[in-house]
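I opened the model to look up a few local features. My notes follow, entry by entry.

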Amino acid sequence: MGNLKKCVTIIICLILFYPAYSLNKAGFNNVFPLIFNDYKAMKTDKNSLSDQQDNPSAKKESLKTMVESIHWYGQSSIRIPLKDKFIYIDPFQLTEKGQAAIVLITHPHFDHFSIDEIKKVADHNTPIYAPKECCDKLKLQGFKHCTDVIPGQAFSVDGIKIETVPSYN
């Protein structure tokens, strides 16, 4: 299981770690790329978690299914399936959309943080995690479940472990 988690983390890091820092007048903002490091959310009905733990080929198939299900829209905009909803990271120029379970925003650049795009996939009760500057703007638009995050945080949302790390853009 440790190797699978390591593989998933590496794959997601390669996909997500387009640098995500922005500059403000004082220097660097507190912005972050994200590590999605809990493959359990990606399990399919035919491969239960216990099957994956006991069966190496089921683990490999689960990882393959997860990676093949990730949709990249360009830049750093990504959709990851989660049960019957999706995790959106920096939703921008969405061509396919579904209801968001979670929205993660890395920083306030227009091509990473678009309120119009967020409105396409999230309602006012959708959990959103973003830098304070982004959350302040979202809360003005009625998104009441936006949580400020900074680099170095680790938290869990519906059993999904998410970690914020510093980076530069």
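Which exposed residues does the face of α3 turned away from its buried side carry? I found K60 and E68 there. I note that the model is a predicted one.

**Helix α3**

I looked up the helix itself next. α3 covers residues 56-69, which is 14 residues. From first C-alpha to last, α3 reaches 20 Å. That is close to the 20 Å expected at 1.5 Å a residue.

Then I listed the buried residues of α3: A58, K59, S62, L63 and M66. Seen down the axis of α3, its buried residues fall within an arc of 135°, so they line one face of the helix.

**Positive phi**

I turned to backbone angles. Most residues other than glycine have a negative phi. I therefore wrote down the residues that depart from this general rule.

Q75 is one entry: its phi is positive, about 50°, and it is not a glycine. I located Q75 in the loop between β4 (71-74) and β5 (77-82). Is Q75 buried, exposed or partly exposed? Its relative accessibility is 33%, so Q75 counts as partly exposed.

D90 is another entry, with a positive phi of about 50° although it is not a glycine. Where does D90 sit? I found D90 in the loop between β6 (85-89) and β7 (100-104). The relative accessible area of D90 is 0%. The cut-off for buried is under 20%, so D90 is buried.

Technical notes:
Residues are numbered from 1 along each chain as its sequence is written. This is a predicted model: local features need pLDDT of at least 70, side-chain atom pairs count only at pLDDT 80 or more; totals for chains, interfaces and linings use all residues. Side-chain values use heavy atoms; hydrogens and water are left out. Helices (H or I, at least four residues) and strands (E, at least two) are DSSP runs, numbered from the N terminus. Buried means under 20% relative accessible area, exposed over 50%, partly exposed in between (1.4 Å probe, protein chains only). The expected span of a helix is 1.5 Å times one less than its number of residues. The arc is that of the directions from the helix axis to the C-beta atoms.
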